[in-house]
Amino acid sequence: MRKVRVAVVGYGQIGPVHVRSYKKHEDKVEVTVVVDLLEERRKSAQEQFGIKDVAADYNEVLKRDDIDAVSVCIPTYQHHDLVLAAARHGKHVFCEKPMCMSMEDAYEMEEVCKKAGVKLQLGFVRRYDNQWLKFKEIVKSGTVGKPVVWRSASAGYGAPSTWFFQRELGGGPFLDGAVHNYDFGNYMFGKVAYVSAHGSTIQPDRTGVDTGIAEVVYESGDRLQLMWSWGLKRGVRGGSVHDVLGQEGALVFNAPNKNPLTSENPDVQYLTVNRENGIEEPFAYDRNDMFADQMGDFIDTIIQDKEPKVSAKHGQEALKVGLSLLKSFETGKSVFL
Ligand SMILES: NC(=O)c1ccc[n+]([C@@H]2O[C@H](COP(=O)([O-])OP(=O)(O)OC[C@H]3O[C@@H](n4cnc5c(N)ncnc54)[C@H](O)[C@@H]3O)[C@@H](O)[C@H]2O)c1
């Protein structure tokens, strides 16, 4: 059987991760071409991974018969146009998160891919990460109690390009970064009841909120609380918290991943639940390469003609949470979904 031939469009931060991950499945996929507007990035793709064919204009690449699928790794505000163009040329699509910048665009992307009969998979890579899957298993099993409060606090520079911080282009940390959390919250807790947020912008060259507090409340009674900032200068880091609190204990996400039994196998890692009287209960998982597993599954989805594990619906549901939070920042009011 011939290999699936992929064009990776965008070679900034995430494009090289896609190429590296496809390379781990060389029996079934080849990266035929890398596309980027910038010459130095095209050159990097050639030097880093020996990609022979590079191009600057994705419209030209989409016309080619020797491309079966496209990895969408360009800035979020351009996802919609590229996904539509790829689908209309009959190419399967892997689209990075967040899906796009509006619900209308997100529904159109799904519709056009469906009509064209091509796959549309979204880049919520945590759904392939054994650490996050173990996290979900512990929370869902009621080990720390039900309902729970999932807390996440972090502060840093955030993202490498300026578009990330603009309200209409990337949406800032509460859309671009935290959309992973919204998707995982939807996966663990189900439907969102309402969201609320307050924030500000520390760095003057930005149109989006770069520092704030957001809460997502689920119909199940579970809550996700985020206190995030991308408002610091490059290289400056603030403190961080990542845990899940419940009646029965606290799941500490970024506890040292020591193996309390053998401490010898680096592929076995642990999450810890802290319990009454200082008891620490370890939960083991096997470390995996989530990006390689994600891209491999996308290729299997094409070859086996199955439904994408992470679909347009997942993209839309997570986007809805993010956009509702941006609205809450702007209005100062809770937004009911
Ligand atoms: N899954 C993840 O964990 C993850 C991580 C990082 C980024 N992302 C997402 O991936 C997307 C890209 O992010 P990034 O961090 O790689 O951005 P980036 O700014 O680092 O890189 C984007 C690249 O796209 C190129 N580009 C822009 N417009 C183009 C066009 N029309 N045609 C061809 N090339 C073009 C730029 O020159 C640049 O090299 C975003 O949606 C982002 O949210 C996902």
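**Helix packing and domain arrangement**

In the predicted model, the axes of helix α6 (residues 130-140) and α7 come within 10 Å and cross at roughly 40°. The handedness of the crossing between α6 and α7 is right-handed. On the α6 side, the contact is formed by W132, K136, V139 and K140, and on the α7 side by F184, Y187 and M188. Sorted by class, the residues in the contact of α6 with α7 comprise 5 nonpolar, no polar and 2 charged.The loop between β7 (149-155) and α7 (179-189) contains E168. This residue, E168, is exposed, because 11 other C-beta atoms lie within 10 Å, and a residue counts as exposed at 12 or fewer. Residues up to four places away in sequence aside, E168 touches Y77 and M101. Between E168 and G199, the separation is 31 residues in sequence and 17 Å in space, C-alpha to C-alpha.

At the level of domains, the protein is divided into domain 1 (4-126 + 290-310) and domain 2 (127-288 + 321-336). Taken over C-alpha atoms, the centres of domain 1 and domain 2 are separated by 27 Å. The contact between the domains involves 18 residues of domain 1 and 20 residues of domain 2. On the side of domain 1 that touches domain 2, helix α8 (residues 290-303) gives the most, with 4 residues. The residues of that side of domain 1 divide into 9 nonpolar, 4 polar and 5 charged.

Technical notes. Residues numbered from 1 in each chain as written. Predicted model: local features only at pLDDT ≥ 70, side-chain atom pairs only at ≥ 80, totals over all residues. Domains from an automatic or database assignment. Contact = placed C-beta atoms within 7 Å. Helix = DSSP H or I, 4+ residues; strand = E, 2+ residues; numbered from the N terminus. Nonpolar A, V, L, I, M, F, W, Y, C, P; charged D, E, K, R; others polar. Buried ≥ 20, exposed ≤ 12 C-beta atoms within 10 Å, placed from the backbone. Axes fitted to C-alpha atoms, helices over the stretch in contact; angles between N-to-C directions. Left-handed = near helix turned anticlockwise from the far one by under 90°.
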